[in-house]
Amino acid sequence: MSAPAPSTSSSPATRIVIAGAGPAAQALVAQLDRARFTGTIIVLSNRDDTPGELLELAMLPQVSVRFGQPASHIDAVNRTVATADGMEFAYDQLVIATGSAPVASPVDGAAQCLSYATIDDAPLVSRGVQKVARELGRRPVGILVGTGAAAGQAEAVLRARGVRPIRTTARPSAVVPAVVSGRSASRLAASSVVFEDGSSMTGDFVVLAEERVPRDGLAASGGLQTAAAGGIVITRDYRTSVPGIWAIGDAAAFDGVRLGLLVAAASAAGACATQLLSAAAAAAAPALQAAA
């Protein structure tokens with residue numbers, strides 16, 4: 001599922017709608033822009049804020065970002081997407097990139113921890129570990145919280161950085177930063193996890209790699225096939241079970257596994273962009289032949 005180089009062939013009339021505005025969606029827009037896609041791209045975001053990376057994409061001439069207008073319903077027959085506030089957008093190709101959500105509510109103090117949800121988090125965790133090691137001047141002790149594939153991947157990242165993690169499958173009730181010489185240590189310099197029974201574990205940093213579930217509710221409205229454990233079922237080229245609809249990022253599932261644990265967002269976006277451009281070119285061919 002690697003990303004081939006995007007093509008430059010596209011139809012000016014091609015309309016691509018992207019449901020979601022996270023890293024996978026942003027990477028897809030960037031890939032289409034680099035491929036000189038000349039159709040229109042509408043990004044339906046569930047975010048009310050306007051982060052800089054989305055504003056940058058919204059400045060592209062072929063892109064319209066609809067902030068605070070998440071997609072809520074797909075009419076696959078008429079190829080339209082409706083938003084929660086009743087807006088309707090027609091599409092030639094629809095890409096679902098709605099991501100995933102944590103199974104449980106955030107642990108108190110989670111902002112003080114490193115987080116691992118997808119393989120895109122591996123570099124962030126690595127940099128965090130390196131920062132702590134520099135601050136301490138020694139090999140740090142890491143506490144890893146979580147079960148399942150994400151926790152297994154996080155453990156592999158930590159071990160690759162020379163850290164032997166102390167892993168717990170019991171969910172803490174809170175994360176408490178250490179206090180050194182009467183003042184709080186730096187954000188990741190040292191942390192403890194506290195459990196419901198009052199017991200605790202102390203280390204130099206904490207990695208939370210808790211279970212997440214794909215946000216695949218939109219798929220049900222369009223009759224798309226979903227996996228038993230959640231996630232929109234896709235093929236190797238990111239097609240869903242409904243023609244004209246694709247899925248990338250953590251909303252998708254390949255062979256029953258959440259896609260974010262298999263493929264980096266940029267790689268998936270690159271491969272999907274190539275497929276979208278090919279589909280646009282194929283749709284334009286009959287019209288060009290007729291005009292000739």
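## A pair across two strands

Strand β15, which covers residues 191-194, pairs with β12 in the antiparallel sense, and four bridges join the two.

Both strands belong to an open sheet of three strands, in which the order is β12-β15-β16 and the pairing is antiparallel. The edges of this sheet are formed by β12 (174-177) and β16 (200-203), each of which pairs on one side only. Averaged over the sheet, and with direction ignored, neighbouring strands are turned by 20° against each other.

## The chain as a whole

The protein chain contains six helices and 22 strands. Of its 292 residues, 47% are buried, and the accessible surface comes to about 13,400 Å², with 54% of that area belonging to carbon and sulfur atoms. Among contacts in the chain with a separation of 6 or more, 59% are made by residues 24 or more positions apart.

## Confidence in the prediction

The pLDDT of the protein chain averages 88, and 89% of the residues score at least 70. In the stretch of residues 2-11, however, the pLDDT is below 50, although the model gives this stretch 27 contacts beyond near neighbours in sequence. Residues 181-186 also have a pLDDT below 50, and for this stretch the model shows seven contacts beyond near neighbours in sequence. Where pLDDT is low, the predicted coordinates should not be read in detail.

## The sheet of β4, β5 and β6

Another open sheet of three strands has the order β4-β5-β6, again with antiparallel pairing. Because β4 (71-75) and β6 (88-90) stand at the edges and have a single partner strand each, one side of each is left without a neighbour in the sheet. From one strand to the next, the twist averages 25°.

Strand β5, residues 80-83, is joined to β6 by three bridges in the antiparallel sense, and Ala 82 stands opposite Glu 88 in β6. The loop between β4 and β5 holds Arg 79, which has a positive phi of about 55° although it is not a glycine. Arg 79 counts as partly exposed, because its relative accessibility is 28%, and this value lies between the cut-offs of 20% and 50%.

## A buried loop residue

## Helix α1

Helix α1, made up of the 12 residues 23-34, reaches 16 Å from its first C-alpha to its last, which is close to the 16 Å expected at 1.5 Å a residue. The buried residues of α1 are Ala 24, Ala 25, Gln 26, Ala 27, Leu 28, Val 29, Gln 31 and Leu 32. An α-helix has 3.6 residues a turn, so residues three or four places apart point the same way. After α1 comes Arg 36, whose phi is positive, near 60°.

Technical notes
Residues numbered from 1 in each chain as written. Predicted model: local features only at pLDDT ≥ 70, side-chain atom pairs only at ≥ 80, totals over all residues. Heavy atoms only, no water. Buried < 20%, exposed > 50% of the residue type's maximum accessible area, 1.4 Å probe, protein only. Contact = heavy atoms within 4.5 Å. Areas by Shrake-Rupley, 256 points an atom, 1.4 Å probe, with all protein chains shown as cover. Pairing = 2+ DSSP bridges. Axes fitted to C-alpha atoms, helices over the stretch in contact; angles between N-to-C directions. pLDDT = per-residue confidence, 0-100. Expected span 1.5 Å × (residues − 1).
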